[in-house]
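Please keep the structure open as you read.

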Amino acid sequence: MKENEKVNITVKEVHRGSDKMTGKNSGNLRGILHIVLAAFSFSLMTLFLKLAGELPTMEKAFFRNFVALFLALLLLARSEEKFKIKKETFPSVLLRCMFGTAGLIANFWAIDRLGLADSNMLNKMSPFFAIIMSVFILKEKPDVFEWLMVVMAFVGVIFIVKPGMGLASIPALVGLFGGFGAGTAYTFLRKATSAGERGTIVVMCFSLFSCLVTLPFLIINFEPMTTKQLIFMLLAGVGAMGGQVNITAAYSFAPAKEISVYDYAQVIFAAIWGIWIFDEIPDILSVLGYVIIISAGVIRWRYTLHKSSGEDSK
């Protein structure tokens, strides 16, 4: 083989390695962007739910998904493949719907019976559960450093929500199950989208499944809403739609173990709404929690880039 041919082959290999690294890093960054957008959207959903006042749990759950279902149906109707679901992804989509709906109802039920701090803390266990379940469902293996970053972020959440002592109660256990349901649902979401399923299909199926489950309870225990409450509930549905679309996109670009920690950004957004709308000023412990979470996110992001670069250079 001539010397110039060897050089050309080497250059091509370098370019292939560079393209592979760039593609992986780009996927991670896009996943992070989408999960932060999802956190922002879900924080808006929470804001509008709070502004809507007290309503039955199933009524809130129904309207949270009804708007998302309507918008998803519109998007799918205008798509080329319409409402076609891949046969190979159907089990994962169904399990995402089941765990997601169970987690949603459990979370809403717990919020009505726990302090806001305790219920939020338990729900924010979902990224941690996503990483645990990704080991069993997706066969992903987080390393020690990745586990430490998740724990670091979780410590930050504890500083923010400052949970009370009554976590061993039934409502608290239900709230914890809500976090488990959401985390497991996200993992099945990742499995479905990795197999080529469209994100909008997953959103539509989840919203439809949740509406069908909650509709009988809504009919039996319906509480009339004022015009203002209806508007806030519809806006909560729009926020939910934005969150579902972005969370679906996030886990289609990167594994749960690499991006799920960024879901804690929702706590920061919620704190901003609290200051702006409800005049809730965070104390020093909450500020410390924000710093810990942001630090964990930045460190984790840098570590992921360095690890990807090191693996692709071998």
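The sections below take up a residue, a pocket and some aromatic rings.

## Ground rules

This is a predicted model, in which local features need pLDDT of at least 70 and side-chain atom pairs count only at pLDDT 80 or more, while totals for chains, interfaces and linings use all residues. Residues are numbered from 1 along each chain as its sequence is written, and side-chain values use heavy atoms, with hydrogens and water left out.

## Around Val 202

Val 202 sits in helix H8, residues 199-220; helices are DSSP runs of H or I with at least four residues, numbered from the N terminus. With a relative accessibility of 0%, Val 202 counts as buried. Here buried means under 20% relative accessible area, exposed over 50%, and partly exposed in between (1.4 Å probe, protein chains only).

Which residues does Val 202 contact, leaving aside neighbours within four places in sequence? They are Val 93, Arg 96, Leu 189 and Glu 197, where contact means heavy atoms within 4.5 Å. Ser 92 is 110 residues away along the chain, yet its C-alpha atom is 9.5 Å from that of Val 202. Arg 96 also lies over the face of Phe 206, 4.2 Å from the ring centre; the rule asks for CZ of Arg or NZ of Lys within 6 Å of the ring centre and within 35 degrees of the ring normal.

## The second largest pocket

Helices H11 (265-278) and H12 (284-312) each supply at least two residues of the lining of the second largest pocket. The largest share, four residues, comes from H12. Among the lining residues are Val 36, Tyr 262, Phe 269 and Gly 297. A pocket is an open set of points on a 1 Å grid over the protein atoms alone, where a 1.4 Å probe fits, with protein on both sides within 12 Å along at least five of seven lines; lining residues have an atom within 4 Å of a point.

## Aromatic pairs

The count comes to ten aromatic pairs, with ring centres of Phe, Tyr or Trp (its six-membered ring) within 6.5 Å; planes under 30 degrees apart are stacked, over 60 edge-to-face and the rest tilted. Phe 40 and Phe 269 are edge-to-face, because their planes stand at 80°, with centres 5.3 Å apart. This pair joins helix H1 (residues 3-51) to helix H11, 229 residues apart. Phe 40 is partly exposed at 32% relative accessibility, whereas Phe 269 is buried at 19%.

Phe 62 and Phe 66 are stacked, since their planes are at 20° and their centres 5.6 Å apart. Both lie in helix H2 (residues 57-77), four residues apart.
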